[in-house]
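Reader: I would like to go through this model feature by feature. Please give the general idea each time, then the case at hand.

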Amino acid sequence: MMYKNYIWDLGGTLLDNYESSSHAFAAALWQARERVILHDQAYQALKISTDYAIDKYARDIPDFLTLYRELEAKELEKPLLFDGAKEVLQVIVDNGRSNYMISHRNNQVLDILKKAGISQYFTEIVTSDNGFSRKPAPDSIQYLINKYKLELNQTAMVGDREIDVEAGNSAGVQTIFFDSQLTSEKANQNIKNLKELL
């Protein structure tokens with residue numbers, strides 16, 4: 001274990017929400033227009049962003065986002081963690097180190113983490129309700145650095161998108177990019193499985 005402090009992204013990093021969201025997105029398209037989309041198409045589009053996926057597949061459907069969010073909320077009632085997520089968080093805490101989280105979601109995140117059984121592993125969870133600019137802006141990371149007096153070389157931002165890496169680099173912390181297939185040249189470390197952090 002290389003660092004004292006781990007700042008986690010949630011969706012796509014600890015929580016495999018793209019799996020849940022892909023089902024919801026496809027179901028919303030079918031419900032709204034009887035339009036069919038392949039699971040992998042939805043997954044890849046949502047991994048870029050929700051706005052991108054809607055622009056690509058549902059631009060012509062009024063109130064699609066509302067319908068999609070309703071169906072997604074039902075899917076997230078049963079949060080699906082990536083392999084090793086709980087174990088890694090537990091080991092970090094057991095070794096006297098700290099976990100923090102930054103999510104673009106609102107305080108709904110707190111319920112998701114409780115249902116997933118991992119809320120107890122975090123010192124602080126920053127959500128959109130805190131009012132910081134979204135990543136890649138480093139504001140939320142800088143807030144945690146200042147509040148907890150985190151040493152930059154002992155702190156790592158862990159995420160599955162380039163915006164996580166960019167935010168971490170801008171804040172001056174170490175960066176870990178997690179993806180089973182892709183790598184990031186801008187990250188300090190690339191991992192394909194969360195257990196690589198142990």
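Reader: What covers the buried residues of α3?

Author: A word on the source before the reply: this is a predicted model. The cover over the buried residues of α3 includes α1, α2 and α4 (64-75).

Reader: Which residues of helix α3 are buried?

Author: Buried means under 20% relative accessible area. In α3, which spans residues 50-57, T50, A53, I54 and Y57 are buried. These residues lie on the same side of α3, because they cover an arc of only 95° around the axis.

Reader: At what angle do helix α1 and helix α2 pack?

Author: For a helix pair, read the angle together with the distance between axes. Helix α1 (residues 17-33) and helix α2 (residues 39-48) pack at about 120°, and their axes are 9 Å apart. Their crossing is right-handed. On the α1 side the contact is made by Y18, E19, S21, S22, H23 and F25; α2 contributes H39, A42, Y43, L46 and K47. Sorted by class, five residues in this contact are nonpolar, four are polar and two are charged.

Reader: Where is V36, and is V36 buried or exposed?

Author: V36 sits in the loop between α1 and α2. A residue counts as exposed over 50% relative accessible area, so V36, at 69% relative accessibility, is exposed. From C-alpha to C-alpha, V36 is 6.9 Å from A26, and the two are ten residues apart in sequence.

Reader: How many residues does the largest nonpolar core have?

Author: A core is read from its members and from the elements that supply them. The largest nonpolar core has 28 residues, and W8, L14, F122 and L194 have the most contacts inside it. Elements giving two or more residues to this core are the strands β1 (5-9), β3 (122-126), β4 (155-159) and β5 (174-178), along with the helices α5 (85-94) and α6 (108-116). Another core lies apart from that one; it has 19 residues, including Y18, L29, L67 and Y68.

Reader: Which residues does a cis peptide bond join?

Author: The torsion to read is omega. K135 and P136 are joined by a cis peptide bond, with omega at about 20°. P136 lies in the loop between β3 and α7 (139-148).

Reader: What is phi of D63, and what is phi of K149?

Author: Phi of D63 is near 60°, a positive value in a residue other than glycine. D63 is in the loop between α3 and α4, and is exposed, with a relative accessible area of 63%. For K149, also not a glycine, phi is positive, near 50°. K149 belongs to the loop between α7 and β4, and at 71% relative accessibility K149 counts as exposed.

Conventions. Residues numbered from 1 in each chain as written. Predicted model: local features only at pLDDT ≥ 70, side-chain atom pairs only at ≥ 80, totals over all residues. Heavy atoms only, no water. Axes fitted to C-alpha atoms, helices over the stretch in contact; angles between N-to-C directions. Helix = DSSP H or I, 4+ residues; strand = E, 2+ residues; numbered from the N terminus. Left-handed = near helix turned anticlockwise from the far one by under 90°. Contact = heavy atoms within 4.5 Å. Nonpolar A, V, L, I, M, F, W, Y, C, P; charged D, E, K, R; others polar. Core = buried A, V, L, I, M, F, W, Y, C linked by side-chain atoms within 4.5 Å. Buried < 20%, exposed > 50% of the residue type's maximum accessible area, 1.4 Å probe, protein only. Arc of directions from axis to C-beta.
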